[in-house]
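Open the model in your viewer and keep the selection tool at hand. The tour goes from one selection to the next.

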Amino acid sequence: QVQLVESGGGSVQAGGSLRLSCAASPDTYRRSFMAWFRQAPGKEREGVGGISIGSGSTYYADSVKGRFTISQDNAKNTVYLQMDSLKPEDTAMYYCASGQFYSGLSWRWLISGNYDYWGQGTQVTVSS
């Protein structure tokens, strides 16, 4: 059963922090990659960061590098997105996704077409 459930979104002032969680069903968590994407109104969905479930390696978009951190808890089948130093431009609906593909090219982990399982999304709003 495919299941990805995001939580942890909310409203925060610029400079603040939020931690998003993505709980996966066991079969979904065993797939090769999970990633976080976001979509702001009127904009295309963009990759924020991805993680190789097996190795724990991570990759981030330049726009969030140094501010966002992805981590995993294998016991809970959960991936987290820690967001620090938030900016108003980080305001978006955030989605987690799961994909089963093979790529040594990290930038491909942020390509939405590589992911076929998606959560329902959680809203993050950052005010100035």
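How many nonpolar, polar and charged residues are in the lining of the largest pocket? This is a predicted model, and its largest pocket holds about 160 Å³ of space. Select Arg38, Lys43, Glu46, Glu89 and Asp90, which are the closest to the pocket centre among the 13 lining residues. By class, the lining has eight charged, three polar and two nonpolar residues.

Next, turn to the aromatic rings. The count of aromatic pairs is five. Select Phe33 and Trp109: their ring centres are 4.8 Å apart and their planes meet at 45 degrees, so this pair is tilted. Phe33 belongs to strand E4 (residues 33-39), while Trp109 is in the loop between strand E9 (92-99) and strand E10 (117-118), so the pair ties together parts 76 residues apart in sequence. Both Phe33 and Trp109 are buried.

Now select Phe37 and Trp118. This aromatic pair is also tilted, with 5.0 Å from centre to centre and 55 degrees between the planes. Phe37 is in strand E4 and Trp118 in strand E10, so the pair links distant parts of the chain, 81 residues apart. Are these two residues buried or partly exposed? Phe37 has 0% relative accessibility and therefore counts as buried, whereas Trp118, at 28%, counts as partly exposed.

Last, select Arg45. Arg45 lies over the face of Trp118, 4.5 Å from the ring centre, and over the face of Tyr95, at 4.3 Å from the ring centre.

Terms used. Residues numbered from 1 in each chain as written. Predicted model: local features only at pLDDT ≥ 70, side-chain atom pairs only at ≥ 80, totals over all residues. Heavy atoms only, no water. 1 Å grid on protein atoms, 1.4 Å probe; cavity = no way out; pocket = protein on both sides within 12 Å on 5 of 7 lines; lining within 4 Å. Points joined across faces, edges and corners; volume = space filled by probe spheres on them. Nonpolar A, V, L, I, M, F, W, Y, C, P; charged D, E, K, R; others polar. Phe/Tyr/Trp six-rings, centres within 6.5 Å; stacked < 30°, edge-to-face > 60°. Helix = DSSP H or I, 4+ residues; strand = E, 2+ residues; numbered from the N terminus. Buried < 20%, exposed > 50% of the residue type's maximum accessible area, 1.4 Å probe, protein only. Lys NZ or Arg CZ within 6 Å of the ring centre and 35° of its normal.
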